Amino acid sequence: MPALVNYSGDDDFYSGGSFYTNSADLGRLCSISSQVDVYCPPRKRARISAPFLFGETEFEQNKQPSINVLPDECLFEIFKRLPGGKERSSCACVSKHWLMLLISIRKGEYESSKVVKENTDSVADDTERISSEEDDGYLTRCLEGKKATDMRLAAIAIGTSGHGGLGKLSIRGSSSSCRVTDFGLSAIARGCPALKALSLWNVPGVGDEGLSEIAKECHLLEKLDLCQCPSVSNKGLIAIAENCPNLTSLSIESCPNIGNEGLQAIGKLCPKLQSISIKDCVLVGDHGVSSLLSSASSVLSKVKLQGLDITDFSLAVIGHYGKSVTNLMLSGLQNVSEKGFWVMGNAQGLQKLVSLVITSCWGVTDVSLEAMGKGCVNLKQMCLRRCCFVSDDGLVAFAKSAGSLECLQLEECNRVTQSGIIGVLSNCGLKSLTVAKCMGIKDISLEAPLSSPCNSLKSLSVRNCPGFGSASLAMVGKLCPQLQHVDLSGLYGITDAGLLPLLKSCEAGLVKVNLSGCLNLTDEVVLALSRLHGGTLELLNLDGCRRITDASLVAIADNCVFLSDLDVSRCAITDSGVAALSHAEQLNLLVLSFSGCSRLSNKSMPFLKKLGKTLVGLNLQHCNLISSRTMELLVESLWRCDIFF
């Protein structure tokens, strides 16, 4: 006992357990005197956070109050003094209560933010400014379906601050499962002031209050996408306009409570707006659309208007004030007449327009189409879909007047015939022509001599036009000798006799050829194609050409040295054809499809392994003679290749 009193020697003289195993002895020792220094080895030092009461035979510790009993005001002040995002994230993980307190603190209320601001203000004249690394907005987050909840948004608001800051947020919910409300969006607003892009799809729980919080806190917002947000009205959009002057892109779709008033505020207060897309918004009319373009500071370059109740007036405004517009898309404008499109073209304001897409607009006629061709002098890309009043005369007149036109796409324009296609090719310097589902085209041999060839056309796509047959194809082949890309998918009427002249007339060498669904083609076409263009061919699609056999694969293996993508799905291919393909010395295929080749069996296994040395994609779906065990072995062997079976 004396050795323990006032001991001043080496602290390491004892490393064992307690000196006294009996709590009564310990109690007598501690009651000797309150003035005695009692030695406790540092290795066994107990951390005492509350006073101890020692009895004769036992002692007990007073219960320490939990920190949760602290008033929210105290916790608020503590959290405000946390030095960084990592510490805040750690605290947010403690409980929902702490998480709720943390998201109630705005970014500028943290003491660390105030210090940064004071330091920045003190060096206002210097070239280098102190900036917070947490506010750069590098991170992107996307919540979909059931994962989209207010709690997740709150956690994102706290968690991203220590890892570069949230720059882009996308929420894609559903009417039944989305649990995002104004509360969650407000949490993002308070915790992520560097937010630059926000996308809200099908989130009925978010309204003007949440969007107003975003506007109030996220002044750097540049892109806003609202789709199926019935609770958002003009009030929310006006708040964005008043507080987000850097807004460059706005997309609104199926928002029934957004109308002209909100768009007028955007047009007046967002001078940097470059892209606007409005679709299926019943309250949007001429006044809203015109205000976006008539602003003196308008720099709008991309405009999309779909399914709106606008009239000729809006198109007249676009034609007159759209001096910066380069891309224009108009769809489903049932109340716009021929006069509206005619005025838009003749207003001479769309001098910078490069791309024009018009879908299901009854006002597009031969007269208005020609006017647009004359007024849009720099137009390079034109797409007409379901424009039922456009005929051959209007199409040829447009081609003649649009001197800069390079790409023309026609879909479901049923008044356009073979004469219109030949007329377009003969009267402009097109580089690409696409014709799809135009039922007015009939396979007729023209007696009149063909015009001079269109040497500029490099890409020809004629898809699902049942009237486009061998005669039409032969004429196109004579007119377009410099073709490199040919897509004739779905033309079940063409035969070898119609396609062979086109293959022979292509002087530049074909690079991509799509013949899927051409049921009447045989090996003769593939033999000619590989012989004439094997040195340039990179992609060949023969899906559904049921008369193609192993002979075609032999020709491909012998001649196509640059082929990287081959699709022979639903062809009459056997194991012998796969073997021939695998023996090609110079062939380096990347993508290969045998889907639906019912004659392939397990015998193809070694040949597929050999081909798989260069493959990144292999499709063996519906090859029923190949066993599941063989498929498993193939997957193990070709682990670098994506195999579909």
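**Exercises on a predicted model: ring contacts and helix pairs**

The charged end of R172 sits over the ring of W201, 3.9 Å from the ring centre. Here "over" requires NZ of Lys or CZ of Arg within 6 Å of the ring centre and within 35 degrees of the ring normal.

This is a predicted model in which local features need pLDDT of at least 70, side-chain atom pairs count only at pLDDT 80 or more, and totals for chains, interfaces and linings use all residues. Residues are numbered from 1 along each chain as its sequence is written, and side-chain values use heavy atoms, with hydrogens and water left out.

**Exercise 1.** State how many aromatic pairs the structure holds.

Solution. The count is zero, where a pair needs ring centres of Phe, Tyr or Trp (its six-membered ring) within 6.5 Å.

**Exercise 2.** Describe the packing of helix α12 and helix α13.

Solution.
1. Helices are DSSP runs of H or I with at least four residues, numbered from the N terminus.
2. The axes, lines fitted to C-alpha atoms over the stretch in contact, of α12 (residues 312-321) and α13 (residues 338-346) come within 7 Å and cross at roughly 10°.
3. α12 is therefore roughly parallel to α13 (angles under 35 degrees).
4. In contact (heavy atoms within 4.5 Å) are D312, L315, A316, I318 and G319 of α12 with K339, G340, F341, V343 and M344 of α13.

**Exercise 3.** Repeat this for helix α19 and helix α20.

Solution.
1. The axes of α19 (residues 523-533) and α20 (residues 550-559) come within 9 Å and cross at roughly 0°.
2. The two helices are therefore roughly parallel to each other.
3. D523, V526, L527 and S530 of α19 meet A551, S552, A555, I556 and N559 of α20.

How values were computed: Axes fitted to C-alpha atoms, helices over the stretch in contact; angles between N-to-C directions. Parallel < 35°, antiparallel > 145°, perpendicular 65-115°, else oblique. Phe/Tyr/Trp six-rings, centres within 6.5 Å; stacked < 30°, edge-to-face > 60°.
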